[in-house]
Amino acid sequence: FPSHDTIRAGEIWKGELINRNHNGRSYWAETSIVPLLDPSGKPHHFLAIQNDITERKELENQIVTSKNKLEQAMKIAQFGAWEIDAVNNRVYLSSELRTIFEVEEHAEVSLDDFYAGIHEENLNYVREQMKQVAETREQTEIEYRYWVHGKLRYMNSNIAPRFNEDNLLVGAFGTVKDITQKKITELALKKSEEEKAIVLDNAQH
């Protein structure tokens, strides 16, 4: 509710309130309360100006609900999401991706920080793929190794370009999934097959 101290001091109060109309229906109102002052500067009446913003608030709630559902689904699937703001050199990470990368919830992450975690043998490849996305304006999928506090992990990423209202490229966004266990299994199987082939080859000679 509006601060009584504010309006009694003769100052304008602005905010959002829930009201009821004559039918008893609740609605959100963007409200300004303007004190009307007497000659001595003290308020004697108050003028309320309201704008019904129920539709906007419902849309905001739907967006929040959808976002929460998406984040929950991504958490279950162990998918993280990211967005690169190339203009401000910032990388925005979803909660699940912060868990995957072991980054504190509110810690700021720059583009340089992101690249610093990529294995040195994969860094040029990732940069080239990012450049290709920017040039072709088409999304792509890549795999690379990433250092997480000294532990080497295997990541799979989908990358898509991001444009502003003038259709100018301003960054990229995508998803990340930790596929370390899958890659370790694949590498172990490959090694086993290679060793088996060597044994068979030696046996034939």
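## Exercises on strands, salt bridges and a pocket

Glu-16, at 34% relative accessibility, counts as partly exposed. The exercises below concern a predicted model.

**Exercise 1.** Determine which residue meets Glu-16 in a salt bridge, and which elements the pair links.

*Solution.* 
1. The side chain of Glu-16 meets that of Arg-56, with an N to O distance of 2.5 Å. A salt bridge requires such atoms to be within 4 Å, so this pair qualifies.
2. Glu-16 belongs to strand S1 and Arg-56 to helix H2 (residues 54-77); the two are 40 residues apart, and the pair links distant parts of the chain.
3. Arg-56 has a relative accessible area of 35% and is partly exposed.

**Exercise 2.** Classify Glu-186 and Lys-183 as buried, partly exposed or exposed, and locate the salt bridge between them.

*Solution.* 
1. In the salt bridge of Glu-186 with Lys-183, the closest N and O atoms are 3.6 Å apart.
2. Both residues lie in helix H6 (residues 180-204), separated by three residues, about one turn of the helix.
3. The relative accessible area of Glu-186 is 38%, which makes this residue partly exposed. Lys-183 has 18% relative accessibility; because buried means under 20%, Lys-183 counts as buried.
4. Elsewhere, salt bridges with shared partners join Glu-16, Glu-30, Arg-56 and Lys-57 into one network.
5. A search of the whole structure gives ten salt bridges.

**Exercise 3.** Describe how strand S2 is joined to S1 and to S3.

*Solution.* 
1. S1 (residues 13-20) and S2 (residues 26-37) run antiparallel and are joined by eight bridges. Within this pairing, Leu-17 has Ala-29 of S2 as its bridge partner.
2. Five residues lie between S1 and S2 in their hairpin, and Gly-24 in the turn has a positive phi of about 85°.
3. S2 and S3 (residues 43-52) also run antiparallel, joined by nine bridges. Here Thr-31 is partnered by Gln-50 in S3.
4. The hairpin of S2 and S3 has five residues between the strands, and Gly-41 there takes a positive phi near 90°.

**Exercise 4.** Characterise the lining of the second largest pocket.

*Solution.* 
1. The volume of the second largest pocket is about 260 Å³.
2. Its lining comprises 15 residues; Phe-101, Val-103, Asp-113, Tyr-146 and Trp-147 lie nearest the centre.
3. Helix H4 (111-116) and strand S7 (140-148) are the elements giving two or more residues to this lining.
4. By class, nine lining residues are nonpolar, two polar and four charged.

Technical notes: Residues numbered from 1 in each chain as written. Predicted model: local features only at pLDDT ≥ 70, side-chain atom pairs only at ≥ 80, totals over all residues. Heavy atoms only, no water. Pairing = 2+ DSSP bridges. Helix = DSSP H or I, 4+ residues; strand = E, 2+ residues; numbered from the N terminus. 1 Å grid on protein atoms, 1.4 Å probe; cavity = no way out; pocket = protein on both sides within 12 Å on 5 of 7 lines; lining within 4 Å. Points joined across faces, edges and corners; volume = space filled by probe spheres on them. Nonpolar A, V, L, I, M, F, W, Y, C, P; charged D, E, K, R; others polar. Buried < 20%, exposed > 50% of the residue type's maximum accessible area, 1.4 Å probe, protein only.
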